[in-house]
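Please read the following note beside the model.

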Amino acid sequence: MGTDATPPRTPPPEQRLADRLAARPRPAPRSTPPTAVTMLRELAQVDLGVYRAIAGTPTPTLDLPMRRLSATANWSRLWLAVGGAMALAGGRSGRRAATAGIVALAVDSAVVNIGLKITARRRRPDRDSAGVPANRRVPMPGSTSFPSGHTASGFAFTNAVAHTLPAAAGPLGLLASAVGYSRVHTGVHYPGDVVIGAVIGTAVGEVVGWAARRPQARPRFRLKRALRAS
C-alpha cells in the first residue's frame with residue numbers, strides 16, 4: 001500500500017504519564033510511589049512490544065482476510081449490515097435487537113470520537129519502524145489512536161443485541177474480537193487501544209441493551225401486580 005507519511009514519534013500515553021509523574025517534585029510522604037511510575041512505563045513497553053511482535057510474525061494466510069475485515073468494518077458498515085439482516089429476517093425480536101444495536105453504535109461513536117480520542121490524543125503507531133509488512137496495511141486513519149473505535153463499535157453492537165437475542169452473543173462476540181485484532185494486525189492500532197475499546201464498547205452496549213429491554217418488562221410487571229391485588 002505504500003509507505004505512510006509518519007508523523008514525529010510520540011511516546012504512548014502510559015509513557016508520557018509516567019514521565020510526568022517521575023518529573024514532579026516528590027515531597028514526602030505524598031510523593032507518587034515509584035512502583036506506580038514503573039508500572040506505567042512497563043505497561044507502555046508491553047503494549048509496544050506486543051505490537052512489534054505481531055508486526056514481525058509472518059502470517060501470509062491471515063494478511064488478506066484481516067485487511068479485508070478491517071476495511072469492511074470502516075464507518076460501522078459491517079455492523080449496520082448485520083443489523084439490517086437481523087431486522088429483515090429476525091421478526092419482531094430481530095427488529096428490536098437491530099434497533100438496540102444501531103443505537104449503541106451511535107452512542108459509542110459519540111463517546112469514543114467526541115470524548116476519548118480528543119482527550120487522549122495518542123498518535124498512531126509507526127508501522128515503518130515496527131516492520132509491518134506492506135501487504136497487511138490499510139490506509140492509516142487521520143484520527144488519534146486511543147481507543148480503537150472499530151473495536152468499541154463491535155462490542156457495543158454485540159452487547160446491545162445480546163440483551164434481546166442472547167444466542168447472537170457468541171457469534172457476534174467472535175466477529176467483534178476478530179475486527180479488534182485486525183486493527184493491530186494491519187498496524188493501525190496498539191493492542192492497548194483495542195483492549196480499552198472493547199471495555200468501552202461492552203459498557204455502552206450493556207447500558208443501551210438494558211435500557212431497550214426495560215419498556216418490554218414494565219407491562220408484565222404491572223400485570224402481575226394487578227393480578228396480586230385482585
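Predicted model: local features only at pLDDT ≥ 70, side-chain atom pairs only at ≥ 80, totals over all residues.

1. A salt bridge is a side-chain nitrogen of Lys or Arg within 4 Å of a carboxyl oxygen of Asp or Glu. By this rule, aspartate 193 and arginine 122 are joined through their side chains, with an N to O distance of 2.7 Å. The pair links distant parts of the chain, 71 residues apart: aspartate 193 is in helix H9 (residues 191-229), and arginine 122 is in the loop between H5 and H6. Helices (H or I, at least four residues) and strands (E, at least two) are DSSP runs, numbered from the N terminus.

2. Residues are numbered from 1 along each chain as its sequence is written, and side-chain values use heavy atoms, with hydrogens and water left out.

3. How confident is the predictor in the protein? The term pLDDT denotes the predictor's confidence in each residue, from 0 to 100. Its mean for the protein is 87, and 80% of the residues reach 70 or more. A contact means heavy atoms within 4.5 Å.

4. The overall architecture is helical: the protein has nine helices and zero strands. Of the contacts with a separation of 6 or more, 80% are between residues 24 or more positions apart. The accessible surface comes to about 12,700 Å², and carbon and sulfur atoms account for 64% of this area. Accessible areas come from the Shrake-Rupley method with a 1.4 Å probe; for residues, only the protein chains shown count as cover.

5. Aspartate 193 counts as buried because its relative accessibility is 0%, and arginine 122 counts as buried because its value is 2%. In the protein as a whole, buried residues make up 40% of the 230 residues.

6. The count comes to four salt bridges. In one of them, the side chains of aspartate 63 and arginine 136 meet at 3.1 Å, N to O. Aspartate 63 belongs to helix H3 (residues 60-72) and arginine 136 to the loop between helix H6 (127-130) and helix H7 (149-162), so this pair ties together parts that are 73 residues apart in sequence. Both aspartate 63 and arginine 136 are buried.

7. Another salt bridge joins arginine 137 to aspartate 128, with the closest N and O atoms 3.1 Å apart. Arginine 137 is buried, at a relative accessible area of 5%, whereas aspartate 128 counts as partly exposed, at 34%. Elsewhere, salt bridges that share partners join Asp47, Arg122 and Asp193 into one network.

8. Which residues form a nonpolar surface patch? Val103, Val107 and Val111 make one of about 190 Å². Patches are made of residues with over 30% relative accessible area and no salt bridge; like charges are joined within 9 Å, and nonpolar side chains (Val, Leu, Ile, Met, Phe, Trp, Tyr) within 5 Å. Valine 103 is placed in helix H5 (residues 91-120) and counts as partly exposed, at 40% relative accessibility. As a general point, an α-helix has 3.6 residues a turn, so residues three or four places apart point the same way.

9. The expected span of a helix is 1.5 Å times one less than its number of residues. The 14 residues of H7 should therefore span 20 Å, and the end C-alpha atoms are 20 Å apart, which agrees. H7 is mostly covered, with 14 of its 14 residues buried.

10. The peptide bond from phenylalanine 146 to proline 147 is cis, with omega near -10 degrees, and proline 147 lies in the loop between H6 and H7. Serine 76 is not a glycine, yet its phi is positive, at about 60 degrees; this serine is in the loop between H3 and helix H4 (77-89) and is buried, with a relative accessible area of 15%. Arginine 121 also has a positive phi, of about 55 degrees, although it is not a glycine. Arginine 121 lies in the loop between H5 and H6 and is exposed, with a relative accessible area of 59%.

Key:
Buried < 20%, exposed > 50% of the residue type's maximum accessible area, 1.4 Å probe, protein only.
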